[in-house]
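Q: Can we go through this structure together? I have it open and would like to know what to look at.
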Amino acid sequence: MIKVEHLTKKFGDFIAVNDISFNVQAGEMFALLGPNGAGKSTTIKMLTTLLKPTSGSLTLNGFDVVKQQDQTRKSFGIVFQDPSVDTDLTAYENMQLHAVMYGVPKSEIDTRIEELLKLVELWDRRDSLVKTYSGGMKRRLEIARGLLHHPKVLFLDEPTLGLDAQTRNLLWNYVGNLAHEKEMTILFTTHYLEEAEANSNQIAIIDHGKLLTIGTAQDLMKQTKTKSLEEAYLSLTGKELRDEKADPHEVWRQRQRARNMR
Amino acid sequence: MRVIYILWLRQIKRYFRSKSRIVGAVGQPLLFLLALGYGLGSVYKEAGQGNYLQFLVPGIMAQTVLFSSMFYGAMIIFDRQFGFLKETMVAPVGRLKIMLGGALGGATTSVMQGIIVFLISLLLGFRPYNWPMALFSLIFMSVLALAITSFSSGIGSFVQDMQGFQAINQFLVFPLYFLSGALYPLNHVPTWLRIIAEVNPISYTVDAMRWSMIGTSRFGIVHDCIALGITLVVLIVFGVMRFRHIEP
């Protein structure tokens, strides 16, 4: 369903993603793990047509991501790592807008919105402006919105960041069902290793833009001779801390801006 | 069509929810009307030109539409900063539709601002010479609004921050406005100023507005319409081309 071959992305001299290749089968739940700044979000941006790769090829649902952008966009849904809802609209209006843009049939829009807003327990607050929401509520709305059209591939970029245990549990159950029953392919990133272990068929670990290893949680533990995924992860990526704000795209853009000023 | 409609509706809803925006965008033209209308009115009259307020109002209406349409580009920059732009960029919808939906919404709200200024100027004593003719000004305001919202979407697509956007406002839009003949008649101005005014699309908009509101025209309504039409097409093409390469 997703095929990544020799994917590379450079921002100036900085190599954010370095010759990565992997495959994800239909209905699979695929976890992409790595420290901050490893290249996870950049990879997802390229898979979702937001960034053009420097080299390598990307196929999603049989479409060339770079050349067949519109078909690709019809095939996936995404929950972004950072906020992307319109806070001057209500939750319901955000959902409607999304449904229309993704061509959800008119007859199904209202029922689906109701089902999903109830799922994330925002139904009672559906007519409040999103700017009155707490951080967790906004996050839940983003997730509900990402599930609104039923895409073939769903990207979840740190979907559970800042959510309480109840909501996380709810989310993974729902997403797991989508993968099993609708054969939806899920690619997600997370910093909660126990989530990755519990909810994925395959785990890929990347660091400094390179793919370190790929396999099931068991494979990874065997490979590193460790007893838990966390130990395996730490033995692969090392223990030093990473810069929190190293979004290479943003850093690069600021550098470009500074250059243009001169 | 549904996509264009829903993106248009988003702009309309946001407009009515932002009272400060409505008031703020009317404040500047009102200041112009009061300060210039009353400040220069007597000088204008003594120069034998008649009633300055009558002359000024169509220009101020064009100003209102011009600047609120430029503000639409700033909304794209806000959308980028607050992340909403990503949501539209990954949607399986042609970029043309996304751009047009928003630009039409921005244009609609700009025309509403123009109408508010018109109503205020009625209170100040302005009278159109012929009411049915005055309705034509709606068309001219709409064309200007759509042209400028398309232009400002193009600008908002590659200018990354508000400072850069303001620079374009200061160095391009303000001069175009002040050199357009919106505030003074072009009859006795120096040649260089007249030439600038004659290649300036804002001049033709203002002229068309005057034609419909007070029944005078410098360039002739046919020329005005041709100039407005060309401006609209060129700026929509510009907006779409830039918007296609937008990076969220």
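A: One term will be needed first: a crossing of two helices is called right-handed if the near helix is turned clockwise from the far one by less than a right angle, and left-handed if anticlockwise. Also keep in mind that this is a predicted model.

Q: OK. Is the crossing of helix 2 and helix 4 of chain B left-handed or right-handed?
A: The crossing of helix 2 of chain B and helix 4 of chain B is right-handed.

Q: At what angle do those two pack, and how far apart are their axes?
A: Helix 2 (residues 19-39) and helix 4 (residues 52-81) of chain B pack at about 160°, and their axes are 10 Å apart. Angles over 145 degrees count as roughly antiparallel, so helix 2 of chain B is roughly antiparallel to helix 4 of chain B.

Q: Which residues meet there?
A: From helix 2 of chain B, they include Phe32(B), Leu33(B) and Leu36(B). Among those on helix 4 of chain B are Leu56(B), Ile60(B) and Phe67(B).

Q: And by class, what is in that contact?
A: The contact of helix 2 with helix 4 of chain B has 10 nonpolar and 5 polar residues, and no charged ones.

Q: Switching to chain A. What is the strand order in the open sheet?
A: The open sheet in chain A has 6 strands in the order 6-7-8-3-9-10, and the pairing is mixed. Its edge strands are strand 6 (76-79) and strand 10 (210-215) of chain A, each of which pairs on one side only. On average, neighbouring strands of this sheet are turned by 15° against each other, ignoring direction.

Q: In what sense do strand 9 and strand 10 of chain A pair?
A: Strand 9 (residues 202-207) and strand 10 of chain A pair in the antiparallel sense, over 5 bridges. Ala204(A), for instance, has Ile214(A) in strand 10 of chain A as its bridge partner.

Q: Which helix of chain A touches both strand 9 and strand 10 and makes about 110° with strand 10?
A: Helix 8 (residues 217-224) of chain A does, packing on the sheet. Helix 9 (residues 229-237) of chain A lies across strand 3 (29-33), strand 9 and strand 10 of chain A, and runs at about 30° to strand 9.

Q: Last topic: how many residues does each chain give to the contact?
A: Chain A gives 24 residues and chain B gives 19. On the chain B side, helix 1 (2-17) and helix 5 (84-89) are the elements that give two or more residues. Helix 1 of chain B gives the most, with 7.

Q: What classes are on that side of chain B?
A: The side of chain B that touches chain A has 10 nonpolar, 2 polar and 7 charged residues.

How values were computed: Residues numbered from 1 in each chain as written. Chains lettered and ligands numbered in written order. Predicted model: local features only at pLDDT ≥ 70, side-chain atom pairs only at ≥ 80, totals over all residues. Pairing = 2+ DSSP bridges. Helix = DSSP H or I, 4+ residues; strand = E, 2+ residues; numbered from the N terminus. Axes fitted to C-alpha atoms, helices over the stretch in contact; angles between N-to-C directions. Contact = placed C-beta atoms within 7 Å. Nonpolar A, V, L, I, M, F, W, Y, C, P; charged D, E, K, R; others polar. Parallel < 35°, antiparallel > 145°, perpendicular 65-115°, else oblique.
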